[in-house]
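Hello,

Here is the structure I promised to pass on to you. My notes on it follow below.

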Amino acid sequence: MPFEMPVEKWSSAVNVVTLGATPEQGGTRSSTVTVGGDTGLPFLHFEGKTPHRPVIAMDVLDTPPPEVAQALTAVWGDVYGDPAAWAQKAVSEYGAEMICLRLPGAHPDRENRSIDECAAIVQNVLKAVTVPLIIWGCGQADKDNEMMPRLSEIAKGENVLLGSASQDNYKTITASCLADGHKLLTEAPLDINIQKQVNILVSEAGMDLSRIVMFQVTGGLGYGMEYAYSIMERTRLAALGGDRMLSMPMLALVGSECWKTKEARTPEETMPIWGPAADRGILWEATTATAYLHGGTHIFVMWHPRAAAQLRGVIDSLMSEEA
Amino acid sequence: MSRHTVTFLPGGVAVATESGRTVLETAAAAGVGINSACGGQGTCGKCKVMVLGEDGEVLACQLLVERDLTVEIPPESQVRDSSILTKLSVGAALTVGEAPLAQRVAVELAPPGAARHEADAERLLRALRQRFGGAFQDYALDLAALRALPAVGRSQDWRFDAILADVNGVGRVIGVEPSASAAYGLAIDLGTTTIVAALLELETGRVVGSHAQLNGQTRFGADVISRIIYAQENENGLAELREAARDTINHCVESVLREHDLEPDDALAAVIVGNTVMTHLLLGVDPANIRREPYVPAFRSLPTLRAADVGLAIRPGAPVYLAPCVSSYVGGDITAGALAAAVTDSPQLTLFIDLGTNGEAVVARDEWAVCCSCSAGPAFEGSGLDYGMYAASGAIERVAYDPATDTVDYGVIGDEAPRGICGSGYVDTLAELLRAGVIDRSGRIALDFASPRVRVRSEIPEFVLVWGSEVNRAEDISVGQDDIQTLIRSKSAVYSGVATLLDSLNLRAMEIERLLIAGGFGNYLHPDHAVAIGLLPDLPRERIRFLGNTALTGAGMALLAREARQRTEAIAARMTNFELSAVPSYMERYVSGLFLPHTDLSLFPSVTQG
């Protein structure tokens with residue numbers, strides 16, 4: 001008797017979001033990136049379509065990460081401290097399809113970088129690479145509310161993903177997104193209800209739901225990965241079930257979360273039984289990313305090119321079944 | 001130990017007290033009303049007083065009496081008596097049925113004689129048996145009645161009154177006396193926050209008057225849990241709590257009797273309804289296990305007791321019936337309330353919510369009934385909020401805001417100058433601020449809202465409802481960001497508790513045919529506003545009814561008819577308790593409810609569409 005695969009019939013799909021704008025579209029990007037549109041659970045090709053493959057954005061910070069593992073300085077050491085060069089290297093040497101430019105140094109408790117400085121960084125990165133960008137503030141409400149409108153304006157027309165809007169602070173960045181034609185990254189602290197609430201709040205502030213990408217705090221392997229995974233899975237199920245407030249594509253900050261773990265950073269001499277330090281961090285990042293891939297993440301922000309390559313390999317293989 | 005005198009103004013009551021006691025304790029012991037919600041911790045700020053001869057205000061709960069003092073209690077800190085917490089309005093009459101808890105029976109006995117050797121008591125009992133027959137299973141005399149009988153009988157020519165009480169089905173004569181007319185009973189709502197005593201005529205069922213007061217136990221803790229903890233952590237804790245409740249009840253009873261020129265002996269019976277913890281504390285029964293897994297109270301149902309046992313200052317032998325409890329946190333106030341609101345045995349699916357500190361909900365239809373306690377917190381009775389107060393004179397109970405003219409239209413209980421806001425006033429305020437866009441759906445105040453009413457005070461954003469200058473007050477009356485978050489948490493507790501209960505029963509909110517709301521948070525509740533903020537499910541408004549203090553009404557009904565008491569017992573036996581804390585989805589629903597009206601907007605179509 002022939003076996004009939006039981007297939008789930010979903011009524012709805014994940015939204016499609018495009019980032020970047022070419023000259024014809026009013027920007028200066030040479031490529032655009034489109035994510036989302038999934039009509040089923042991740043890579044279950046027999047019951048749904050994955051029209052757009054998940055993408056990888058390389059993380060570029062205005063301030064190099066403190067005490068970073070040797071495996072990373074080996075790759076990025078020469079460009080840490082120069083975001084434009086960093087972005088350029090990520091694209092030209094490692095084929096990055098997107099750059100995620102983050103400005104943690106603007107935080108008053110850290111370098112407290114001035115808005116002018118941040119504006120210059122954004123301008124330089126926009127000139128240095130022509131891939132679509134994510135531009136992300138420092139997370140301190142007052143500073144971001146001053147800074148993001150200016151950065152948004154500099155990038156006007158480029159259709160960037162602006163981050164981020166949270167429950168406590170969303171009005172200013174929403175207004176900037178609307179004014180300058182960008183996409184909006186909404187953020188929640190690993191709580192599916194708060195994610196919905198933020199999406200409702202920004203939508204009532206005028207942002208179209210189709211212009212949103214969601215970010216739940218990422219947990220690295222061993223540091224909350226399963227929790228984040230279950231939230232992603234529930235989110236995808238809700239989107240497929242028709243909940244429009246959870247139908248947006250998802251983003252994960254894999255690189256920063258994984259490389260701050262002790263497993264990624266501890267030198268080999270200190271913990272020889274953990275194996276070669278050169279591989280550990282990469283494996284940590286690749287494993288976390290792969291798990292999230294199965295959870296439904298669409299945009300991965302990563303640090304190590306080899307981890308990115310690993311993930312790309314998995315995506316290739318999973319997407320080849322699609323064809 | 002030296003003693004000092006504290007004189008309280010206004011009023012000039014001078015109280016002698018031991019050195020080292022706080023001003024608050026001194027006042028409470030003497031029955032001088034100073035507000036307190038935090039149990040004397042110094043955190044609620046409601047007991048501010050001024051010491052004559054010194055500048056500024058101090059907290060009465062922190063000020064130790066170390067010398068003779070004169071203390072002035074400003075209006076905001078005074079406990080004002082209230083007489084409006086009931087829909088059991090004066091003049092209304094409840095039905096008197098067979099075997100009220102007590103009744104005055106005029107008897108006429110044949111005098112003893114040569115051919116009639118029967119003892120006095122037996123003759124009286126035979127007369128009662130003949131009169132009432134099988135209405136009572138048996139008849140008996142209390143010792144007090146027996147002692148009075150020989151003299152009263154002979155002095156009154158065997159025409160006298162027997163006070164007949166229904167004690168667990170037995171007709172007990174608790175007193176014999178010369179013919180008189182006064183036959184009154186008390187219906188008492190032993191609330192966590194507010195105690196109300198209503199006086200009823202036993203013969204006609206007419207409500208003669210009522211008196212309400214803040215429960216003296218609030219100085220040991222605003223909610224039942226903190227009071228259980230107080231009893232455990234303090235050597236005399238249980239006794240202090242019992243005394244505090246008893247004193248407040250007696251103060252209310254005394255006041256209402258005095259208002260009508262009556263004596264304690266004129267009150268022949270009383271019904272007391274309170275939640276499980278309150279009932280335990282009043283009877284001096286340790287409530288500690290209510291708080292411990294598996295949350296088991298010491299009793300559910302109680303036999304009818306005597307006033308002297310309970311410490312009630314009425315006729316010592318008077319019967320006192322306490323409405324049965326259902327579980328750890330659903331008590332006699334709910335069973336009595338369910339009686340009054342006719343919640344059970346109805347062919348209509350009914351949801352009954354008591355919006356008090358414990359926020360109990362009952363879902364019932366025909367022969368089944370399920371209940372839960374949503375633990376709403378005292379916010380709806382005004383406790384824990386900047387300008388919150390219970391529904392008494394001076395409370396803003398109704399609010400409307402017009403952003404176009406930036407005017408706030410409000411109504412005050414008792415038509416006096418406003419001094420605070422009660423539960424219904426807060427519900428209106430939240431709904432109006434949301435509608436006007438002053439707050440977003442997460443309750444956050446928009447600091448850029450174009451109105452001087454929106455401002456920041458001590459780093460907390462707030463909205464000014466009433467400018468002090470308009471009503472001759474030193475301070476403005478405002479609603480702060482923290483108040484709004486507290487209210488949202490309370491309303492979510494109620495809504496998600498109800499949602500969890502319904503879901504566990506496989507019912508949807510729309511199936512509810514009657515939504516009955518009880519509570520002492522105001523004289524009314526605006527259904528549109530209650531739904532707009534997500535406190536109540538989005539039902540057609542004609543299904544929603546506000547019933548006032550059903551606990552008190554139920555107590556009155558139980559006072560006047562045995563059948564009502566029996567039905568209350570049956571209701572208690574029938575109700576199945578749901579422990580919300582044991583349902584995993586509850587927490588998730590609670591977080592979901594922390595949004596106006598709800599994270600799932602589709603649950604509230606009438607307020608989110610169009």
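This is a predicted model: local features need pLDDT of at least 70, side-chain atom pairs count only at pLDDT 80 or more; totals for chains, interfaces and linings use all residues.

Residues are numbered from 1 along each chain as its sequence is written, while chains are lettered from A and ligands numbered from 1 in the order in which they are written.

**Backbone geometry**

Most residues other than glycine have a negative phi, and most peptide bonds are trans. B:S458 is not a glycine, yet its phi is positive, at about 50 degrees. B:S458 is exposed, with 6 other C-beta atoms within 10 Å. Here, buried stands for 20 or more other C-beta atoms within 10 Å of the residue's own, exposed for 12 or fewer, and partly exposed for anything in between, with C-beta atoms placed from the backbone.

A:L190, also not a glycine, has a positive phi of about 55 degrees. You will find A:L190 in the loop between β7 (183–188) and α6 (192–204) of chain A. A:L190 counts as partly exposed because it has 15 C-beta neighbours inside 10 Å.

There are cis peptide bonds to look at as well. One runs from A:G163 to A:S164, with omega near -10 degrees, and A:S164 is part of strand β6 (residues 161–165) of chain A. Another joins B:L596 and B:P597, with omega about -5 degrees; B:P597 sits in the loop between α14 (585–592) and α15 (605–608) of chain B.

**Domains of chain B**

Chain B is assigned domain 1 (3–77), domain 2 (102–177), domain 3 (184–330) and domain 4 (331–549 + 579–610), with bounds from an automatic or database domain assignment. The centres of domains 3 and 4 of chain B, taken over C-alpha atoms, are 27 Å apart. Their contact takes 24 residues from domain 3 and 21 residues from domain 4, where contact requires C-beta atoms, placed from the backbone, to lie within 7 Å.

On the domain 3 side, β11 (194–201), β13 (267–274) and α6 (276–282) of chain B each give two or more residues. Of these, α6(B) gives the most, with three residues.

Best wishes

Note on methods
Two residues are in contact if their C-beta atoms, placed from the backbone, lie within 7 Å. Helices (H or I, at least four residues) and strands (E, at least two) are DSSP runs, numbered from the N terminus.
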